[in-house]
Amino acid sequence: MVTASLIRNAYESALTMTAVLLCWAAALWLEGAAGLHTDVLVLAVALTLTLAGTQRTADTRERLTALVLLPVVAGASTLLGHLMAEHYALGAAVFTLGISLPIWIRRFGPAATKAGTLMTLPLVALLVVPGPALPPKAQSSVVSWGWSALIGMLACGCVWLVRTAADRFIPWRPEPAPAPQRNRTGRPSALRPRPSTRMALQMAAAVAAALTLGRLLFDHHWPWMVLTAYVAASGNRGRNDVARKGVERFLGACAGTLLATGVAAAGTTGRTSVVLIFAVLAAALWLRPLNYAYWAAGMTTALALLLGYYGQNTQSLLPTRLEEIAAGAALAVASAWWVLPVVRRRTGPRPATG
């Protein structure tokens, strides 16, 4: 079973990385042709990497929804990035609302849940794009919005092209995700407020705290704390689940930190760093279904290599990253435990009463 899982994971990660490289190449050409900033390359990789997982079993309607929604939200996230750079408090409030709203709308069914996932992708990418490492003078907000929207369309096109070609020539479709289980009585949950509302409020509390403390304690390195708080709190299945993911992310980040330190000590720079980034992402995608710690380790290593490529001293920043990751995980766990916790109740029939 483990071998079969690894083979399937390798197939899926190969398709994802093919789409990522295709979109990266297109964005690289755009960067040179239109004189854009290098953040479009990071946005292209981040959007394609995350979109590929959500579109594996998408039908035509879901693909059209992604084509409309993702470019709009990608453009809006760029404007949000400008807002956070100029008015951090206001931008942080908008970001908190934008990251929690997609969770709240899950109450409206599967279509709303999938739309919410698409809305979240550019916001997560905003945390990855290394804004402080870019030139101080950026394009105007309107122009940046348009290019970001175009990158969103490119990500959709590359994912669909690779997936369509794979389904035609290598017809090995992934198994669809299991449908969410309902209680055996068939009745909707009696929990009030609803679980979606509770999870949205928990996410808002964790992200808002991370945005505030991250800026106060770590200045412009705050995205690491926010990203960890988001990852640990997302897909909340209860208190223990959030605690487990927080621990896994921290352990994976520690491993990634050690690996990144070794790479930095070896003096790896330039194009070699880019090749290593893609290699690390491919390995992390392959191993991610086995345990989230692998993905955390891979992302930590890839981001460290990316920032090193942009000229930041990754070795001196690694302890700071670990502190932020630990703090972000702690905030997510605290929010899950004390802000309207989602308690998983027994789903079996109630015992008979006399």
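Leu150 counts as partly exposed because its relative accessibility is 30%, where partly exposed covers the range between buried, under 20% relative accessible area, and exposed, over 50% (1.4 Å probe, protein chains only). The residue lies in helix H6, residues 141-169. Between the C-alpha atoms of Leu150 and Val40 there are 9.9 Å, although 110 residues separate the two along the chain. The model is a predicted one, in which local features need pLDDT of at least 70 and side-chain atom pairs count only at pLDDT 80 or more, while totals for chains, interfaces and linings use all residues. Residues are numbered from 1 along each chain as its sequence is written, and side-chain values use heavy atoms, with hydrogens and water left out.

Twelve helices and zero strands make up the secondary structure; helices (H or I, at least four residues) and strands (E, at least two) are DSSP runs, numbered from the N terminus. Read from the N terminus, the order of elements is α-α-α-α-α-α-α-α-α-α-α-α. Of the 354 residues, 44% are buried. Contacts, meaning heavy atoms within 4.5 Å, can also be sorted by separation in sequence: among those between residues at least 6 apart, 79% join residues at least 24 apart. The protein has an accessible surface of about 18100 Å², and carbon and sulfur atoms account for 66% of that area. Such areas come from the Shrake-Rupley method with a 1.4 Å probe, and for residues only the protein chains shown count as cover.

Two packed helices are described by the angle between their axes and the distance between the axes. Helix H2 (residues 39-54) and helix H5 (residues 110-128) have axes that come within 9 Å and cross at roughly 145°. The axes are lines fitted to C-alpha atoms, for helices over the stretch in contact, with angles running from 0 to 180 degrees between N-to-C directions.

The contact of H3 with H5 has 14 nonpolar, three polar and two charged residues.

Thr96 belongs to helix H4, residues 88-104. Thr96 counts as buried because its relative accessibility is 10%. Apart from neighbours within four places in sequence, Thr96 is in contact with Ala204, Val207, Ala208 and Leu211.

Finally, the cysteines. The structure contains zero disulfides, a disulfide being a pair of cysteine sulfur atoms within 2.5 Å. Cys23 is in no disulfide, and the nearest cysteine sulfur, that of Cys158, lies 4.4 Å away. Cys23 counts as buried because its relative accessibility is 0%. Cys156 is likewise in no disulfide, with the sulfur of Cys23, the nearest, 9.2 Å away.

Technical notes
Nonpolar A, V, L, I, M, F, W, Y, C, P; charged D, E, K, R; others polar.
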